[in-house]
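Here are my notes on this one, as promised.

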Amino acid sequence: MRIFDPHIHMSSRTTDDYEAMYAAGVRALVEPAFWLGQPRTSVDSFVDYFDALVGWERFRASQFGIAHHCTIALNPKEANDPRCTPVLDLLPRYLAKDGVVAVGEVGFDSMTEEEEKAFSRQLELAREFALPAMVHTPHRDKLAGTRRTLDLVEAAGMEPGMVVVDHLNEVTVDVVDDAGAWMGFSIYPDTKMDPDRMVAILQRRGLDRVLVNSAADWGRSDPLRTRATGEAMLAAGFTEDDVDKVLWRNPVEFFGQSGRLLLDVPEADRGATFAGNSLLRGEQA
């Protein structure tokens, strides 16, 4: 089983996770720009974070045989903080870089006026750079937020096929399906979706335009929930080719629209360095 996790925050994860993911079949991933869990104090905080996403984290993943890509954006949760919003002027510098395969996560957290302004501006940037957009849907008023999301996507002139609306569930999937956008589902241990509910949606509506991710970060989450979903599909009667379509070919098709996917990873060199730093903590024994 080969797996492309299209949404996981590896900056929050350990090298043990990378090893376990590779053993489970993960060979590629996309890491969306995220918030820190505590307020940022200036735009400079984004500079170091974005540099790490396009540099260090890409190197770290390669040392475990996994192709790392990222998406760049102002996260909707931070769009409400005036100390953070000037980063919108910094985004074009990063949207032109190798390994950046979409604008994201953008969208709504609490559905404020500030979030809507940042969301619309970043959809404009996605069109300007001919990149797909990864859209976060709110945890509260999810259906209303999803419908407003689709309105703004249409108003921005984005092709639905260039947009994945993420964190969907049984309540929101049909409105996104009807709009022709890609549907993203996050499989969590306790919240969002679980493997069996995901299988039920696949049985009802089919496999096209579906992305399944772990969305693992520093919170309670599991980077192997993608593998668990593939196993649940097989147990429910889906074929290995069906699993390959959902867990590999679909994310390749969606993010391939960026023209920047690089899925071949050179053989790992245990002593390799990035900017003078390696994964070794001290001398080799």
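1. Ground rules. This is a predicted model, in which local features need pLDDT of at least 70 and side-chain atom pairs count only at pLDDT 80 or more, while totals for chains, interfaces and linings use all residues. Residues are numbered from 1 along each chain as its sequence is written, and side-chain values use heavy atoms, with hydrogens and water left out.

2. Length of α5. Helices here are DSSP runs (H or I, at least four residues), strands likewise (E, at least two), and both are numbered from the N terminus. Helix α5 covers residues 113–128, and its end C-alpha atoms lie 23 Å apart, which agrees with the 22 Å that its 16 residues should span at 1.5 Å a residue. (That expected span is 1.5 Å times one less than the number of residues.)

3. Which residues of α5 are buried? They are E115, A118, F119, Q122, L123, L125 and A126; buried means under 20% relative accessible area, exposed over 50%, and partly exposed in between (1.4 Å probe, protein chains only). Viewed down the axis of α5, the buried residues fall within an arc of 160°, so they line one face of the helix; the arc is taken from the directions from the helix axis to the C-beta atoms. Turned away from that buried side is the face with the exposed residues E113, K117, R127 and E128.

4. What sits over α5, and what comes after. The cover on its buried residues includes α4 (91–95), β4 (100–107), β5 (133–136) and α6 (142–155), where contact means heavy atoms within 4.5 Å. Just past α5, have a look at A130, which takes a positive phi of about 55°.

5. R13 and D17 make one of them, at 2.9 Å from N to O, and both R13 and D17 are buried.

6. A pair within α9. E231 and R227 form a salt bridge at 3.0 Å, N to O. They are 4 residues apart in helix α9 (residues 225–235), so about one helical turn separates them. E231 is partly exposed at 42% relative accessibility, and R227 is partly exposed at 26%.

7. R249 bridges to D241, with the closest N and O atoms 3.2 Å apart. R249 is partly exposed at 32%, as D241 is at 47%. Salt bridges link R2, D241, D244 and R249 into a network.

Key:
Salt bridge = Lys/Arg side-chain N within 4 Å of Asp/Glu carboxyl O.
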